[in-house]
Amino acid sequence: AFEVLVVGGGPAGAAAAIYAARKGISTGVIAERFGGQVLDTMAIENFISVNHTEGPKLGAALENHVREYDVDIMNLQRADKLIPAANPGGLIEVRLASGASVKARTVILATGARWRSMNVPGESEYRNKGVAYCPHCDGPLFKGKRVAVIGGGNSGVEAAIDLAGIVASVTLIEFDSQLRADAVLQAKLRSLANVTVITSALSTEVHGDGVKVVGLSYKDRNSEEMHRIDLEGIFVQIGLVPNTEWLKGSIALSPRGEIEVDARGQTSLPGVFAAGDVTTVPYKQIIIAMGEGAKAGLSAFDHLIRTPVA
Ligand code: FAD
């Protein structure tokens, strides 16, 4: 059994594993895909002290750094059940989809999240070529350009407000007949001169020129008429889904399915910590996931030195 078992090999999991291993305790990492969401990213310009890098490069660097230490990496393995220790200080079990089972005195959950996509033609083809999901990450790449934001919930309206200060114009497209964001955000949005709001609209296709995005089609759900907007960027803001389906019923989750953690990354289960995009901690970013992962690694160590072995 491991002293620390990390589930997830993204920025949060990598940081947790390195912090644990540096305490000289036996550390394992189970990851479906080492590198996580970073692998799907092109330009990264907000990883402080690194002016510019690319996802695949940072993903490889994460794995390299973890491999500097005596960490047992179980890559291409999916965890599908968490079984709490039978008694305090006992072993926690993580069952894998392969049927195998891994035990540990502490577990750090860092399974991240995934952006919900529109599932329309052109979206995946032009991902990172105009189709974006993270305004904090990619907003500045569209300086002076025309963009659309898909989704009129809090994240869509926040994104539109944020982008309006950077880009030439923002068209916010909402499926419903009204926006669902908080009233104060809607008021702020409507005060901005370069934002147009279109409701009752279903996005139907992302258009590109073979290299990058050039437009977006949507259907007016009242008139059934099709419209096309010329633009350079599309920010899809219809939800970030935490990868916690496998944890339902075993640990406290927020109504949005995020793992509830305290300031030390402690979850509702003793000896189980969590970090990164999978938790209730706001602002889903690489640098934040790494900081939270480091914190969870230190919290797991702290738990181990205070808990007698069962
Ligand atoms: P993730 O990166 O999601 O990693 C989760 C890990 O858990 C993966 O290894 C995954 O395979 C594994 N996993 C999931 N479920 C299981 C399971 N059941 N069993 C085993 N393993 C599992 N942030 C920035 O700061 N700057 C940017 O420029 C930026 N650009 C982005 C661009 C795109 C297109 C996307 C999608 C995200 C971007 N982000 C950016 C956000 C950033 O990638 C995330 O905040 C960060 O990766 C979160 O790290 P994490 O370790 O919490 O989760």
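## The model

This is a predicted model, so to speak of local features takes pLDDT of at least 70 and side-chain atom pairs count only at pLDDT 80 or more, while totals for chains, interfaces and linings use all residues. Residues are numbered from 1 along each chain as its sequence is written.

Mean pLDDT (the predictor's confidence in each residue, from 0 to 100) is 97 for the chain, with 100% of residues at 70 or more. The scores are ipTM 0.99 and pTM 0.94.

## Around the ligand

The ligand has 39 residues around it, and Gly8, Gly10, Gly36, Gly112 and Gly276 come nearest. Here, a residue is near if its C-beta atom, placed from the backbone, lies within 6 Å of the molecule.

Helices H1 (11–21) and H6 (286–306) each give the shell at least two residues, and so do strands E2 (27–31) and E9 (113–115). These elements are DSSP runs numbered from the N terminus: helices (H or I) of at least four residues, strands (E) of at least two.

## H1 against H6

H1 and H6 also pack on each other, at about 35° with axes 7 Å apart. The axes are lines fitted to C-alpha atoms over the stretch in contact, and angles run from 0 to 180 degrees between N-to-C directions.

Contact here means C-beta atoms, placed from the backbone, within 7 Å. On the H1 side, the residues include Pro11, Ala15 and Tyr19; those on H6 include Ile286, Glu292 and Phe301.

Notes. Two residues are in contact if their C-beta atoms, placed from the backbone, lie within 7 Å.
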